[in-house]
Amino acid sequence: MPRIKTSRLTPAPALASARCHAVRVRLPQGADAELMGRTLDEAVGAWWGEDAGCVLPRLWHERVPADRAAGSDRVRAETARALHPRDEAFRAVLLQFADGQAELVLVAHRDRLDAPSLRLVADVLTGRTRHEEIRPVEAHNCEEAREGTLQEWRAAHCAAGLDWAAGEGGAGERTGQVAVELRTGAADLGARLAVAASLVLARLEGRDRPLLGVLRNWRERPAGVLGAFDTGTLLALDLSGAVDTAGLLAQAGEALAGHNGRCGAGQYTELGLGAGGGVAVGILDGAGDGGTGEEPRAADGHLHACQSAPFLLTLVPGRTAAGAPQLIVHHRLREVDEESARRFARHVAFVCEQLGSSAEPFAPGDLRLLDEEEARRTAELGVPERKVAWEPERIDAVFAARAAERPDAVALTCEGRSLTYAELEGRAACWAAALRDGGVGAGERVGICLERSLDLVVAMLAVLKADCVYVPMDPAYPADRLAYTAEDAGLRAVVTTLDTFPGDGVWCVRPQELAAWECEPDTAEATARPARAPEEAAYVIYTSGSTGRPKGVVVPHRNVVALLAATRNDFGLGPDDTWTLFHSCAFDFSVWEVWGALLTGARLVVVPFWVSRSPEEFHALMLAERVTVLNQTPSAFAQLMEADRLSGEQLAVRMVVFGGEALDARPLRTWFDRYPEDRCRVVNMFGITETTVHVTAQTVTRREALSGSRSVGAALPGWYLYVLDERQRPVPCGAPGEIYVGGEGLALEYLGRAGLTRERFVPDPFKGGRMYRSGDRGRLLPDGRLEHLGRLDSQVKVRGYRIELDEIRTVVLEAPDVTAAAVVVEGGEAGDTAQARIAAYVVLRGDGGTEPVRLHAQSVLPSYMVPTSVIAVPALPLTANGKLDTRKLAEHAVTSAPPVPVPVPVPASGSVDATGSPRDGDTDLAASLAQVCETLLGVPVGPDDNFFLLGGNSLLAVRLTALMRERGMPPLQVRELYLHPTVTRLAQLLGSRRA
């Protein structure tokens, strides 16, 4: 009797089903199971013999109580079931349906039987061929791949993460498939498909040389022989533009036709394909027609299918049931969802069509991924559906309306002093009159160079009421920067408290002088000149420039009013809120802080500079003032979270808005532990000075924190986004490109820089008008949200490898006990690229050392991306605006203090005994101070070395005070360290308190 078993759907073990494939044969007239079983027994006995080295198959037979159409799910399930056990030669299943039809399903490992072999077995079992005509199984002896090619295959896993595609987390090894029409001829289809797939992959990943795998039948495969004769070829076409399309097609054709770099199917594990690693996208060429919903078949009735796609995305050229060319894309559902796979297939087919439509070669950049209709839909993706009705107004006019509504409500608070809305309105009106009487004309730019105080906000409002444009400057800036700003902005008047303002011919007026102006508010308002329109400039903020000189961004009144209209209802902004002015007035985040509070009737608490530098003091201020709306850069917020944790007291904050730099959401999990999402809303906002502070908003929940989401949300109502390629064409969803911003927030110009204005504020080809070219890299998701991917120039090269430092930083952050990290490239100066090295600076939780971090990076990254050095630092340096100061980080890395002797303890003044010797307690204090400073700075610290000149910064200053407290030393305020930055002076200060 033949070996026939009843088929059962038993769960297979966790196998690498990417190496399994199947052939299905439809038998409309049914089949004789007994005859087929005997045929199989005879055939496998002849093919494998006594010493098979594997489990010989038997025919599994099942009667399905339904017609074939109704039982199609049963057929697909049997086709998708991996081999069990692993060493089975192949599996044969015959399904007979109630309508008399039957399906034969054969499943095998690719490294045992290739697709032609399965077809031969099917022909024998269906009586088309006698088993004696099939030669026994032979080993595959084709030429092995060159070692260099194999190394490329092994290294390819670093590029195999398809960030532009979504996936189904619980999909396991299931594979989906989609199909699109191929409107192109059959000539050179393999080469055109390879070039098209490479180009699409290059655009989606932002790479010039994407890796593409091709699995195909060996051209010299002997006929009528069973075995595994597939070959593998690695394609890495240069799509930078150095080679035209004709050259690319020739290279692809040569690679596919030749033998160099091929590797047998038995090397699938070596290539990483079976484990889901290896090259992410590949072509399964010459394997027969794949299946779609129409179940197209080859001429012999066979249907070849992957169980799990050999690649994450596997492209199979085939034909429909009507014989039309089509492209089938098998996709691993765990990594690539159906919609992403369909878009990829559509783009490849469209590029294939373009490659075949012209006999003349052209540049790869001329090829489009999107047809006109899809390009239009993609361009509209970043335009929010929600609209907000508003009217353009001047900032000072909106404030006047709020003051009229709630004249007695407190508008401003700073260090125990307050101003009501009416008082702020009246004082600003008097100051405006004083400026006008001082000769300041309408539309003239007026500098404001004041510390954070009530006067700072009064001055900003007064300049606007004087129908002028305010130019904020931080008094802590170096004198030459202040002088440059005054000259570049053409300032004739500056409101400042500096004893000497470094500008020639500038009228420097103090707040006290403006306050002394004798006028009644009503009189001041009556003498006000007619206001310029809301479309005219309100302020000019200077940002860093690529030339090393700041550039002024001119922003009109209407933009600020539009920003508040776009966010007020969504954020619930209103009179019950208390905001903080935490940031420098020269940082555009302050525009949001000041006018976000005052134009919505809220109270604004001005945070003095020294309080902003002490997380503990700032936290205490927030507690005392019951702050509800907090705006922070992520770097500064990390310190505040620690102060909040140590305090134990709960803040009243109901909303935290992040801006200014990229947010790593993962550390926020501890914040959500103390402030659940229903109590405190966390919003991540992306914006640019040139687009009026904010462009997008993403509510961050615990889910985003757990996933490490990079989304900055969808565009605000009135703003819109594009992500475009270098030719300003929309890139597909999920593909990286340059972020362009349009809508209400666009600045007027770069002050006095017409050329730069034309370069960055360019015509909008989709909506008309202008759009801003940001220089930032991002990708749009299908729901219109934006993922910010850093600057376009964030890539570096080390020893010829192109590297994204953010990728290394992400890996380092995942290492145990790493709370913050920065990655820089050091060395390589004077053209000596061999000296270039990657350095990672990490802030560690505990004292476990950096070796685990290096080992973790080594376990995840290819060797050329592993940091050469991992340096533990107490904190990452920040700029005055609270952003990561990479310049100081790099300077600290390459500069080391010269060796100095161990510092001799210095007694504090007046802390000597009758013999003139230092008292023991003060000697110990100085020694302890030196030790703490050395611990933080990582260099020897002498008695008169300046803490900040040795690499100290505001964050380290905070750590120093905390470390002193932990060691039981006298308390030290951050501002005292700035005033007494040496061991000698600190010991004197602290010693005098104990005397």
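Predicted model: local features only at pLDDT ≥ 70, side-chain atom pairs only at ≥ 80, totals over all residues.
Which residue in β33 is the bridge partner of serine 711?

1. The partner of serine 711 is glutamate 787, in β33. Strand β33 spans residues 786–791. Two bridges join this strand to β27, and the pair runs antiparallel.

2. Strand β27 also pairs with β26, which covers residues 696–700. Here too the strands are antiparallel and two bridges join them. Threonine 696 has alanine 715 of β27 as its bridge partner.

3. Strand β27 consists of residues 711–715, and four of these five are buried. The strand is therefore largely enclosed by the rest of the structure.

4. Helix α19 (residues 615–625) and helix α20 (residues 634–647) have axes that come within 9 Å and cross at roughly 70°. That angle makes α19 roughly perpendicular to α20, because angles of 65 to 115 degrees count as such. The crossing is right-handed.

5. On the α19 side, the contact is made by Pro615, Glu616, Phe618, His619, Met622 and Leu623. These residues meet Gln639, Leu640, Ala643, Asp644 and Ser647 of α20. By class, the contact between α19 and α20 has six nonpolar, three polar and two charged residues. Glu616 in α19 and Asp644 in α20 are among the residues that meet there, and Asp and Glu count as charged.

Conventions
Residues numbered from 1 in each chain as written. Heavy atoms only, no water. Axes fitted to C-alpha atoms, helices over the stretch in contact; angles between N-to-C directions. Helix = DSSP H or I, 4+ residues; strand = E, 2+ residues; numbered from the N terminus. Parallel < 35°, antiparallel > 145°, perpendicular 65-115°, else oblique. Left-handed = near helix turned anticlockwise from the far one by under 90°. Contact = heavy atoms within 4.5 Å. Buried < 20%, exposed > 50% of the residue type's maximum accessible area, 1.4 Å probe, protein only. Pairing = 2+ DSSP bridges.
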